[in-house]
Amino acid sequence: MVLMAIDHASFFIARVHASESWAAQGEYASLMAFVTRWVTHLCAPGFFMLMGAGMVWLAQARARDGWTPVRIRHFFVTRGLVLLLIQQVIENPAWLLGIVSAAPGAIAQPAIGGGDEGVFIVLLVVSALGVAMMFWGLLIRLPSLLIAAITVAAYVGGCSFIPPPSDIAVLFPVPMRIFFIPGNTAPVSVVYSWVPWLVPAGLGVLLGRAVLAAPGRTRKALPWVGLGAVAVFAVLRAAGLGDYHQPGPGFIGFMNLTKYPPSLDFLLATLGINLILVTVLARISFRAVAGPLEVFGRSPLFFYLLHLYVFGVLSWAFPRGTTWFVMYLVWAAAVAAMYPACRWYAGFKARKPIASFWRLL
């Protein structure tokens, strides 16, 4: 959550935000711009993977509380629908604050594909998380082999519909946008197409089951699995495989990966690093570090919505952007200022009964 806030501070405060899409590779004015963007690539795949694992653990906990399988599925579907509603009603207006507060030309338009006219429904990460929760929530009791097969099918199916970059201006049908090809076709603008992002969530379901089945062995294996994924990424990228674009020159060109939709190289690199980080962070015993991070982790949706509005309001002070140094200062100050509110909300939610509406948020 804290890393994600860096990316959004870049959009609202520095007025810099790349878009690494199937239609065009990301462009970076400096190494700092690239690093700032790349470290936040870990966030979205990590959200989906950890959500999938969390769904497994939540289903087990609720089953112990006496919930039936039908009630558990109903919870996941309901929460997914709530996320879809929150995206349109609460989240999207926050992004408008950053757009209308910017000076003309301060924010470069990302090359995501399609046209801009008539767009009023924007589908971002929260919508994709909601759909993935509903999808895997309905299938949460399937055997692991079937979960793995569906995950692979979602990736292969997603790849098969991605057109060449030369089709950047094509107005693909709205269903194709929503499910497979990010871009704009009135009335929708789709950044996170739904099918490709089922993949990291499905892998998370398998991860959650592995932890339940053999916690000690899984914990020991995670960093090695992560390192293996990063190694496979490096081999594929060096061979010019696993991404919708060939690697460019230098370090930035090699690491400039497609996020919309996530390519195989993108998923291998980011999920591999996520698995390593999970292992490292789980062993942190220094409460001055672990405690605050846990607070943000226990109030993720609250923090997500709050930080967008905080940055949206602050964006009016930076209509033309600012330096990276100032942007990082604003990011750190804003995150620290939001900590008390997140701590309060995490406690408030934890005190509510398991069937409370607040458990959906």
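**View 1. The largest pocket has a volume of about 2200 Å³.** This is a predicted model: local features need pLDDT of at least 70, side-chain atom pairs count only at pLDDT 80 or more, and totals for chains, interfaces and linings use all residues. Residues are numbered from 1 along each chain as its sequence is written, and side-chain values use heavy atoms, with hydrogens and water left out. A pocket is an open set of points on a 1 Å grid over the protein atoms alone, with protein on both sides within 12 Å along at least five of seven lines. Lining residues have an atom within 4 Å of a point. A volume is the space filled by probe spheres set on the points, which are joined across faces, edges and corners. The largest pocket is lined by 50 residues. Nearest its centre lie Met 1, Leu 50, Gly 297, Arg 298 and Pro 300. Helix H3 gives the most to this lining, with 10 residues.

**View 2. The largest cavity has a volume of about 40 Å³.** A cavity is a set of grid points where a 1.4 Å probe fits but cannot get out. The structure holds 2 cavities of 30 Å³ or more. Lining the largest cavity are Arg 79, Arg 298, Ser 299, Pro 300, Leu 301, Phe 302, Tyr 345, Lys 349 and Leu 361. H13 and H14 are the elements that give two or more residues to that lining. H13 gives the most, with 3 residues.

**View 3. Helix H1 runs through residues 2–14.** Helices are DSSP runs (H or I, at least four residues), numbered from the N terminus. H1 has 13 residues and reaches 17 Å from its first C-alpha to its last. That is close to the 18 Å expected at 1.5 Å a residue, the expected span being 1.5 Å times one less than the number of residues. H1 bends by about 30° at His 8. The bend is the angle between axes fitted to the seven residues ending there and the seven starting there. Just after H1, Arg 15 takes a positive phi of about 65°.

**View 4. H1 is largely enclosed by the rest of the structure, because 11 of its 13 residues are buried.** Buried means under 20% relative accessible area, exposed over 50%, and partly exposed in between (1.4 Å probe, protein chains only). Among the buried residues of H1 are Met 4, His 8, Phe 11 and Phe 12. What covers the buried residues includes helices H2 (31–39), H3 (43–64), H4 (69–100), H13 (300–314) and H14 (324–350).

**View 5. Asp 7 forms a salt bridge with Arg 37.** A salt bridge is a side-chain nitrogen of Lys or Arg within 4 Å of a carboxyl oxygen of Asp or Glu. The closest N and O atoms of this pair are 3.0 Å apart. The pair links distant parts of the chain: Asp 7 sits in helix H1 and Arg 37 in helix H2, 30 residues apart. Asp 7 and Arg 37 are buried.

**View 6. Glu 20 forms a salt bridge with Arg 37.** Their closest N and O atoms are 2.8 Å apart. Glu 20 lies in the loop between H1 and H2 and Arg 37 in helix H2, so the pair ties together parts 17 residues apart in sequence. Glu 20 counts as buried at 0% relative accessibility. Arg 37 is buried, with a relative accessible area of 4%.

**View 7. Arg 62 forms a salt bridge with Asp 65.** Here the closest N and O atoms are 3.5 Å apart. Arg 62 is buried, with a relative accessible area of 11%. Asp 65 is partly exposed, at 46%. Elsewhere, salt bridges that share partners join Asp 7, Glu 20 and Arg 37 into one network. A search of the whole structure finds 3 salt bridges.

Note on methods: Contact = heavy atoms within 4.5 Å.
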